[in-house]
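Let's take a friendly walk through a protein model. Have a look at the sequence and the 3D view before reading on.

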Amino acid sequence: MMKLLTIVLGAAMLLGFMEPMLGAGHRPCWTRWINSDSPNDGPGDIELLADLTHEFRGEVCEIPLKIQVETVDGVPANKTGQIFHLYSNTQGFICRNDQQGSGKCLDYKVRFQCQCNSKEQVYCCN
């Protein structure tokens, strides 16, 4: 029994050390928060992935796993009661002023979860 336990623990340790070399150690990482638009600058608050990957080249991945959106004051978007025209990890975020009862969107910021690898060191991992 003790010999089997030793073999299992040894194998687990070996695999743990081998994992980064095999490429399985990549973990999802979040970009920094980005606020590139304001609801005062036009029809609403528009944070499109295509624009952000161009404007923040190397900071935002082209195929994010997830998106998080919150107000610049830190309130999660889904807690604001506002209507969103677009809320998508593959396209970005749009809040249109004309769809809000108040006539104006709050100011939002976004961040994306990306799959990190050795050449994407700019993504911060939380």
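**The whole chain**

Keep in mind that this is a predicted model. The protein chain holds two helices and six strands, and reading along the sequence gives the pattern α-β-β-α-β-β-β-β. Among contacts between residues at least 6 apart in sequence, 66% join residues at least 24 apart. Here are some overall values for the chain:

| Property of the protein chain | Value |
|---|---|
| Share of the 126 residues that count as buried | 33% |
| Accessible surface | about 8100 Å² |
| Share of the accessible surface belonging to carbon and sulfur atoms | 58% |

Three strands form an open sheet in the order 1-6-3, and their pairing is antiparallel. Strand 1 (28-30) and strand 3 (66-71) each have a single partner strand and stand at the edges, so one side of each has no neighbour in the sheet. On average, neighbouring strands of this sheet are turned by 20° against each other, direction ignored. Strand 1 and strand 6 (residues 108-115) are joined by three bridges. Trp30, for example, has Gln113 in strand 6 as its bridge partner.

**A closer look at Cys105**

Where does Cys105 sit? You can find Cys105 in the loop between strand 5 (92-96) and strand 6. Is Cys105 buried or exposed? Its relative accessibility is 3%, so Cys105 counts as buried, the cut-off being under 20%. Beyond its neighbours within four places in sequence, Cys105 is in contact with several residues, including Pro39, Asp45, Gln82 and Cys95. Ile94 is eleven residues from Cys105 along the chain, and their C-alpha atoms are separated by 9.6 Å.

Conventions:
Residues numbered from 1 in each chain as written. Predicted model: local features only at pLDDT ≥ 70, side-chain atom pairs only at ≥ 80, totals over all residues. Heavy atoms only, no water. Pairing = 2+ DSSP bridges. Helix = DSSP H or I, 4+ residues; strand = E, 2+ residues; numbered from the N terminus. Axes fitted to C-alpha atoms, helices over the stretch in contact; angles between N-to-C directions. Buried < 20%, exposed > 50% of the residue type's maximum accessible area, 1.4 Å probe, protein only. Contact = heavy atoms within 4.5 Å. Areas by Shrake-Rupley, 256 points an atom, 1.4 Å probe, with all protein chains shown as cover.
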